Amino acid sequence: MEKLPALLPPFLIFFLSFSLSLSDGDFTGNSSYPVQSSPADSLCAQLIEPNGYSCTEHTVQTKDGYILALHRVSSRSGDLRVQQSHPVLLQHGLFMAGDAWFLDSTDRSLGFILADQGFDVWVGNVRGTRWSRGHVSLSETEKEFWEWSWQELALYDLAEMLHYINSVTSLKIFIVGHSQGTIMSLAALTQPDIVEMVEAAALLSPISYLEHVSAPLVLRMVAMHLDQQMVLALGIHQLNFRSDVLVNLVESLCDGHVDCTDFLTSITGQNCCFNKTRMDFYLEYEPHPSSVKNLRHLFQMIRQGTFSQYDYGIWKNILMYGRLKPPAFDLNSIPKSLPLWMSYGGNDALADIMDVQRTLEELLSKPELLYLENYGHMDFLLSIKANRDVYDNMIGFLRSLEKSSSS
């Protein structure tokens, strides 16, 4: 059987890595990513400082023992020691890390744009990604290292990053999230101890519900219960896209079942303005690993139409939660006074308009909205026009809050 790279151009392989992709997930830790071992391997040294921006790396430890890298970025004319503007935490999506905000030119990448606008930019990297591979007692070669989903990313990783930034700056934080970063943000903001550290949230391709996902390849994986088969049949716990087995797996999913000649459309929806000319450069950094449990939690959301904690099944739910079903993240508990901004697209097959509308109906507040009919899921991060179409509007929202808080 012919391998997938012979059938499809490399940029289509890349699109899969930005979505609900699968691989052999070798939980022995084999990967083409080296574990960061020197300053030269850091995100600061590789992507940010070469463009003339000041960058420092910080280390954060979560309550369950994961060691996370948190990067602080200033403009080319700024001084990290005397940052006066509001801190902004950038939270990446699934199979991505903090580098996602710096993959395009300095005038198109949101991380650089915010720094040039004078914001105190902090860049989050969740557990398991290239920049955050540590744990106080577990090795990434152990399956226990990968025993987490976006629930832990929200309640532990994001919470600890916010606490650290708040302790350093003594200021409340603007959260900016994309895709999984919005799931994390909305879940975290239902928790009173977390929301008190947040000034506002800006959400790109906002997701709390996934009931109306329309991406054909994603729906096929959900219908096949592939997330369960990987652990039960193969003993896989890490999803590591940099693996040959993924090629054969995706080929089998597409063969005779789904038209995968365009992975962009079959997974994320039609993106209008993706910058394909930088594909080889993107592939140097993306994708990053995630866990099978995280994928299963996302698939539970699709199957059940819920925005809830991880469903372990009746008996373990009783043990873990004291109830038959996992508790929901109650969007109604996000304070009405918390300013929210959301931008979503008409061609997004993951953050579907109907699911976004359900989120809006459950929130007490009325977020500021930016709807772009021709935008797909990845356009909000890597469109060649996002600086004008999206970021100018979002920065205006953040600026208005800075002015109101200082007056």
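Exposed means over 50% relative accessible area, buried under 20%, and partly exposed in between, with a 1.4 Å probe and protein chains only. Helices (H or I, at least four residues) and strands (E, at least two) are DSSP runs, numbered from the N terminus. The model is predicted: local features need pLDDT of at least 70, side-chain atom pairs count only at pLDDT 80 or more, and totals for chains, interfaces and linings use all residues. Residues are numbered from 1 along each chain as its sequence is written, and side-chain values use heavy atoms, with hydrogens and water left out.

D355, V356, T359 and L360 are the buried residues of α14. Seen down the axis of α14, they fall within an arc of 145 degrees, so they line one face of the helix. That arc is taken from the directions from the helix axis to the C-beta atoms. These buried residues pack against α5, β10 and β11 (368-372). Contact here means heavy atoms within 4.5 Å. At the start of α14, a side-chain oxygen of D352 comes to within 2.8 Å of the backbone nitrogen of M354.

UniProt, in an unreviewed entry, places the feature "active site" at S179, D348 and H377. The three are spread over 199 residues of sequence, yet they cluster in space, with a largest C-alpha distance of 10.7 Å. UniProt positions are given in the numbering used here, feature names are shortened, and annotations may be inferred rather than shown by experiment.

Is D348 buried or exposed? D348 counts as buried because its relative accessibility is 4%. Beyond its neighbours within four places in sequence, D348 is in contact with S205, T268, Y375, G376 and H377. With S205, the side chains make a polar contact of 3.3 Å. A polar contact is a pair of N or O atoms within 3.5 Å; within protein, one must be able to donate a hydrogen and the other to accept it, and residues adjacent in sequence count only if both atoms are side-chain atoms.

S179 sits in the loop between β6 (173-178) and α5 (180-188). S179 counts as buried because its relative accessibility is 11%. The side chains of S179 and H377 make a polar contact of 2.8 Å.

Next, look at strand β4 (residues 120-124), where D120 lies. D120 counts as buried because its relative accessibility is 1%. Its side chain makes a polar contact with that of R72 (2.8 Å). Another polar contact, of 3.3 Å, joins the side chains of D120 and W122. S74 is 46 residues from D120 along the chain, but their C-alpha atoms are separated by 6.3 Å.
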